[in-house]
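Here is a brisk report on the fold below.

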Amino acid sequence: MNKLFFAALVFFVAQNLFAIQDLNTPRTFPKIESKAEWQKRAKEIREQILVSCGLWPAPKKTPLHARVFGKVLRDGYSVEKVYFQSYPGFYVAGNLYRPIGRGKFPAILNPHGHWENGRMADIETGSIAARCINFARQGMIAFSYDMVGYNDTFFPDGETNVTTKTFYKRHRSFATNETNLLWNINLMGLQTWNSIRALDFLESLPGVDKSRLACTGESGGGTQTFILGAIDKRLAAQAPVVMVSHSMQGGCSCENAPGLRLEYSNMEIAAAAAPRPQIMIGATGDWTKSMTTVEGPAVESTYRLFRASNKLRYAIFDFPHNYNQTSREAVYDFFGDVLHPRSPAEKEVAYTKERDEDLRVFPAEKLPRDAVSEEELINSFIAKDAAQLQALNPKSRKSVAKYKDLMTPLWKHTMQLGDLEKREWEIKFAPKNSRSRGIVVLADARGNSAFIDKNKNPRGLAKLLVERNFKVLVLDFPDVSEVKQNQADLFFTTYNRTFAQERVRDLVSACQWAKESGEKVILCGRGRAGLWALLAAPAADGTIADCDQLDISSDADLLKADLFIPGLRKLGAFEGVAGLAAPHPIFLNNMKENFSTDTLGKVYSTLKRAKLFRHETERVEDEAVANWIANVALPRLWFFPRVN
């Protein structure tokens, strides 16, 4: 083997398999030249959050069945207990602090950080009650609600009678089975949906001014704040505290979801709210210590594109990780300026927190009878996703177009295609004495020796294609045995592509490069590469894929190192992606009987292109593959038949 080629191969493998990012990998903010460029990127950030959290397509908003009760009156404000159902049978609980008096008030969500006592925390470094009471006295409605597993928000089949020291353990116990990753079911997704529904709850209250909604939280609650701000434009202002960092991105499973920070950092996610008002607070004693020199100026660069620098503030205080009085007062001042409460106040007044037992919504840990178990909730998610896919089954050309509009962003973000960097690929073989009929991208997971002989001449399928006047681009992949890390580890998938995602990305990149020549491109994969090719099919003008006798019903098979892609089942797996490639020619072969093609067949029939879809249970030999490409996918015509 040529030494230069070997060195390049080693470098390629190292770049793709061993350049592992984690939550502490320092991030840089991208250089953005225009408002339009940032708006496009912000749109991609929003889509990635929703896909990563399993919220694309958006779940149906079911009735909240909210209950507000146990009102007590205090000096200038009231405190009440609240619960609502973010999903049918899943109860989110919290406390509502309201100003005394009539009128329309700003309203503020208050997610809490990972304090031992959750929303009941009331210590020098952080007090949820302090800020909620002061917001209410200033003329703003404040709602504090639980993280999953804390205080009053838990599953009836989970650990009960826990102490404050074990709230965190219960918190992190949701959806830890690896198979949940195939559906993008994760703690961050549940918690993000709870925040969206908490905002719905606030909007439903009499006395709330819907144009003046805000959110503020610290640490993990800071993550919830800027995540909500990125995806929900109802927020008029936000104040993430001690969490917008270029280094540490979030140490809990409620802050990490598959693919979320592969391309983006917390800085960019926070910046996605621009130009809406925002204040970011840092601390010298944690990972936000460079707020005024790194994160703040980075986020400010996006606000400048909107000529809205005056709508962003950032500050740093000389304390450890906190949301203490000094930090709170900076937020009071900011919200006073942008939300215009009845009595804006820069300083915090003395307060008295209610006793924990008086704030508890379910003090005996007895949930309503219709509360669902964790297993029941997860099963309902899977059933919902399956029903959504079923509802998208083609009934007309219009419904096919709707399917593509909805599912194409899901495909792009599930495959983690991102902005494909320009890569130079090489046409390995080309016909010598004839005009090219198109380009065929060949891939075999077992190596390229099936296509290239020891003298570097075409062999097998490659030779047959050249004889039929096609150019051939051959991809060679690293061996999956080089993968040493656990790809199903949430803290791997949040920051890195899996082996299979890298292979799909390679195939899409090769197809895009080949298309730049102006020629039509057919993608052909064999063995495992056939399944990767099927997942890259929307990037080609036609695809022939060896389905490798995959048992599509087996989660264990989809979790294998060379196939694992988080969210694959939510996407409709291989058939769902193939539908996005219609009506370009597709030929599936070497299929197990349970490898469904019913929906795919309906798509082609609906588009009146049934002849362009073929499937066989047996593996098709090279001669038949070459003939299908020559006669169906890229027939010899004066023009390429229009199929769009």
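Several elements cover the buried residues of helix 8, among them helix 2 (35-52), helix 7 (266-271), strand 10 (278-285) and strand 11 (312-320). Covering here rests on contact, meaning heavy atoms within 4.5 Å. Helices (H or I, at least four residues) and strands (E, at least two) are DSSP runs, numbered from the N terminus.

This is a predicted model: local features need pLDDT of at least 70, side-chain atom pairs count only at pLDDT 80 or more, and totals for chains, interfaces and linings use all residues. Residues are numbered from 1 along each chain as its sequence is written, and side-chain values use heavy atoms, with hydrogens and water left out.

**Helix 8.** The buried residues of helix 8 are Met 291, Glu 295, Gly 296, Ala 298, Val 299, Glu 300, Thr 302 and Tyr 303. Buried means under 20% relative accessible area, exposed over 50%, partly exposed in between (1.4 Å probe, protein chains only). A kink of about 35° is centred on Pro 297. The bend at a residue is the angle between axes fitted to the seven residues ending there and the seven starting there. Just after the helix, Arg 307 has a positive phi of about 55°.

Nine strands form an open sheet with mixed pairing, in the order 1-2-3-7-4-8-9-10-11. Its edges are strand 1 (67-74) and strand 11, each pairing on one side only. Two strands pair if DSSP finds at least two bridges between them. Strand 4 (residues 105-111) and strand 7 (residues 141-145) run parallel, joined by five bridges. Ile 108 stands opposite Ala 142 in strand 7.

Angles run from 0 to 180 degrees between N-to-C directions, with axes as lines fitted to C-alpha atoms, for helices over the stretch in contact.

| Helix | Reference strand | Angle |
|---|---|---|
| Helix 3 (residues 128-138) | strand 3 (90-99) | about 45° |
| Helix 9 (residues 325-339) | strand 9 (235-241) | about 165° |

Helix 3 also touches strand 2 (77-87), strand 4, strand 7 and strand 8 (208-218). Helix 9 lies across strands including strand 10 and strand 11.

**Helix pair.** How do helix 18 and helix 19 run relative to each other? The axes of helix 18 (residues 573-581) and helix 19 (residues 598-606) come within 9 Å and cross at roughly 10°. The two are therefore roughly parallel, a term for angles under 35 degrees.

**His 584.** This residue sits in the loop between helix 18 and strand 16 (586-589). His 584 counts as buried because its relative accessibility is 15%.

Notes: Angles under 35 degrees count as roughly parallel, over 145 as roughly antiparallel, 65 to 115 as roughly perpendicular and the rest as oblique.
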